[in-house]
Amino acid sequence: MSSIAASRPPPIMKLPPAALAGLLVVACLASTAAAQPTLSRAVPAGIPAGITTDVTLHGAKLAGAKAVWTSFEADVEIVADESEKPNAAQLHLRITPAKGLPVQIGGLAVATAEGATAPLLVMIDDLPSVAENGQNISRESAQSIAALTAVDGVSQAGSSDHFAVEATAGQKLSLEVVAQRMGSKFDPVLWLRDSDGNVLRLADDDASLAADCRFSHTIEKAGRYLLEVRDNAYRAGLAYRLRVGDFPIVSTPYPLSVQGGEKAQLELTGEDAGDAAPVVVEPEQVHSAPSQPIVARRKGGASSALAMVMVSDLNEMTELDSSSSKEPLTPPCAINGRLQNPGERDAFTFMAGKGDKLTLHAFSQSLGSPTLVSFQVINDKGAPLAESPFDASGQPRLTWSCPADGAYTLSVRDLLDRGGPQFTYRVSLEPARADFSLTLKTGTPTLYNLPGQDAYLAVEVDCQRQGYDGPIELTVAGPGKWKLQQETIREKATAAKLLLVPDEPFEPGTLLPLQIIGTAKIDGQDVRRTAGTLAVLRAATPELLHPPAQLDGWLSVGVKGEAKPLFELPAPKEGVRFTRGVEETTLVLTPKRVDANLKTNLTLKLEDLPKGFTYRLKVDGKAPKEKYELTLRGPKDAEAAEHELTLLAFGDIGGVGQVLRQPVMLRVVEPKKDKDEKEKPAGETEPKPESTTEPKPESKKG
């Protein structure tokens, strides 16, 4: 569960745990990016559960912080500084994470009157933190640390960081560097040496972690041991967290997934699986999030490893369940397996009928497994009928149509034919149904800093259709009241640009987690899907190989002070004249760019039209020199009257835009009787009225 805290006094408001998602990507107006607050690092970067810790955030423009958001349940207090400079580079917090939280990586963001920061990724850690002293550039000047410690360090150009630890004979020492898992670009190399400098262990990339590295080593002789860590390319200024403890070196639990509401016992896989204590997941511990952290420790150990388990509503089976039963798998279900040896192929039998459609979806690397899953559907003669497509995430999805009644085999392997106890996987088999999914368009921001008034968000969504071509109604879920312009994805359409307009302005310093929800009626059932953000997060933050699944689907909005206008759109003061019997009239509008960065066309809309009136919009030319023609159509017998319409004009840069509201008077008038009359309102072109034989009314004298 997440929280938002404010200072003086510090009330806590709880928010959904996945609300961090939108905070991972920063994309705002180029002209205002320099004005928003930023975070670069936290000291310490690890916070113990259940203990109040003073944390200093480093960044820029952090003065006057009004709210702090965390992805984990915590009480947060903003500690007021004696001086609040406009470009304050530090912010002091007191953070108390909820008692009992497992070791995990979470997010922390700050909002000021200038907007919200992108998040800083921090750890909930059961190892005490110390800071690197900056003087440890040689073995002779190695910084002494305890055997149960996590060091927050920053790389130096052209040199390594050195640490010294005392260990006893028979002690099993575990070491890991957490860097890219926390969004750092630090690419670690880690050495363990004896006191004479002889290399005992060396670690670089880890098959389960990509660039981060880890290992454990049993100490033969009591004494002083040296640790060395550096960036692979000797780059400077990159943050890392070196963990030294007795935690097991493990990759994933087995099975990878548990069924929600069911008690489950998991074993851990990896280098130290034999030393690891089994993990028991109680039903009340399983939340609605698609994955969650678990406690992964050695038997009798004092520190924990990072590990996650998936949660589903399917019948979760293991290889052992399948091999001990002669009955084939019955979809819907999921099979959890592991490839114990290089080149191994696991095979599972399932029944299907002619014309049945099944969707098969693999999971592995997002949960910490090194497996690049590849699978085939094979018939009873051994011929492959379908093969999973290549997927860069190693988690492919396939929809397969069964050609005939019978038994079929699901064959699973690692794409590179690797194997080992840690090469776990999960494949779900579910009946394929007409469906759709929504994702943010690549390049669309998920963090917005919204001016307090006359502003809106522009969010571009892609629609992936699976056998459903009908309309999809869109809504926004989250704090505040929002009005969606273009709230429907039309029949067969595969994309939409949504304009989210707040009903009322928010106070500067507010943080708002939002979701875009699509709903459609399919086969008589309401199908609801949230627009996913993982692909956008992965593209924007390549250091995070697999952004946590609980971040998926969230946009985050920070509210800042007023911004300069982007454009002007003069409308005729005389309004629009509609002549009865003519049926239509046209209003021509020419915008003026105030901000040169606004290079795209505007979106125009007329509201409050009287009954029977419609309009169409035509754009002549391209931005920034385009013109807009709004043609109003109405009934021939429209009653002569005046109607106040609302002209809405939208223009955005990087997803944050200005909405301009202008009243426009619509005057429904009788046809002109004098054919020679020339006067018309400015900007209006009006068809000539049909001739009439009615006598010209006499003028009245007062």
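Mentor: F390 counts as exposed because its relative accessibility is 66% (exposed is over 50%, buried under 20%, partly exposed in between, with a 1.4 Å probe and protein chains only). This is a predicted model, where local features need pLDDT of at least 70, side-chain atom pairs count only at pLDDT 80 or more, and totals for chains, interfaces and linings use all residues. Residues are numbered from 1 along each chain as its sequence is written, and side-chain values use heavy atoms, with hydrogens and water left out.

Trainee: In which loop is F390 found?

Mentor: Strands here are DSSP runs of E, at least two residues, numbered from the N terminus. F390 lies in the loop between β35 (384-387) and β36 (397-401).

Trainee: How many residues of strand β31 (residues 333-338) are buried?

Mentor: In a regular strand, side chains alternate between the two faces of the sheet. On one side of β31, C333, I335 and G337 are buried, and on the other A334, N336 and R338 are buried. The count of buried residues in β31 is 6 of 6.

Trainee: Which residue in β38 stands opposite I335?

Mentor: Strands pair if DSSP finds at least two bridges between them. β31 and β38 (residues 424-431) run antiparallel, joined by 6 bridges. The residue opposite I335 is V427.

Trainee: Which residue in β31 does T318 stand opposite?

Mentor: Strand β30 (residues 316-318) runs parallel to β31, with 3 bridges joining them. T318 stands opposite N336.

Note on methods:
Helix = DSSP H or I, 4+ residues; strand = E, 2+ residues; numbered from the N terminus.
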